[in-house]
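The following note comments on selected residues of the structure shown below. Please read the points alongside the coordinates.

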Amino acid sequence: MKLYLYGIIDSAGRIEESDFYNISFCDMGVVVSEVSRQIQETTDAVLEHEAVVERLMADFTVLPVRFQTIIDDRDSLLSMMQSYYKDFKDNLTRLHNKLEFGIKVIWPSERIREHIINTCNKKV
């Protein structure tokens, strides 16, 4: 059975949800679910992936893994964790107790155009 990856977390503790679980490696873990085929890129699949990552962020420091990342088996996963352990550890430490925020800026397009023209002294 192949493993679908959601994220690397700063906990080797057990997570048993109906849809995913944690495979521990040293003092961290990789949150996965078992899959038998490639995950299709649909809006529902992307939102489900994001929902799992956000649930993890409520309790752990998380290095999210790109959507549709699948690894062949547990041994391959543990080998990858061993190879990149230091990088993962450094990034988890750097992100510990940090929050992610999104920001939306609404700025009228004419003002942007004027700003670019005035700044660059060029016609756009």
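1. A polar atom of the Asn22 side chain lies 3.0 Å from the backbone nitrogen of Val30, and a polar atom of the Asn22 side chain lies 2.8 Å from the backbone oxygen of Gly13. A polar contact here is a pair of N or O atoms within 3.5 Å; within protein, one must be able to donate a hydrogen and the other to accept it, and residues adjacent in sequence count only if both atoms are side-chain atoms.

2. The model is predicted: local features need pLDDT of at least 70, side-chain atom pairs count only at pLDDT 80 or more, and totals for chains, interfaces and linings use all residues. Residues are numbered from 1 along each chain as its sequence is written, and side-chain values use heavy atoms, with hydrogens and water left out.

3. Asn22 belongs to strand β2 (residues 21-25); strands are DSSP runs of E, at least two residues, and helices runs of H or I, at least four, numbered from the N terminus. Its relative accessible area is 12%, so Asn22 is buried (under 20% relative accessible area; exposed is over 50%, partly exposed in between; 1.4 Å probe, protein chains only).

4. Beyond four places in sequence, the contacts of Asn22 (heavy atoms within 4.5 Å) include Ile9, Ile15 and Val31. Leu56 likewise touches Ile9, Ile15 and Val31, along with Phe20 and Val62, not counting residues up to four places away.

5. Leu56 sits in helix α1 (residues 43-57) and is buried because its relative accessibility is 3%. Its C-alpha atom is 9.2 Å from that of Tyr6, 50 residues apart along the chain.

6. Ile103, in the loop between α2 (74-95) and α3 (109-120), is exposed because its relative accessible area is 78%.
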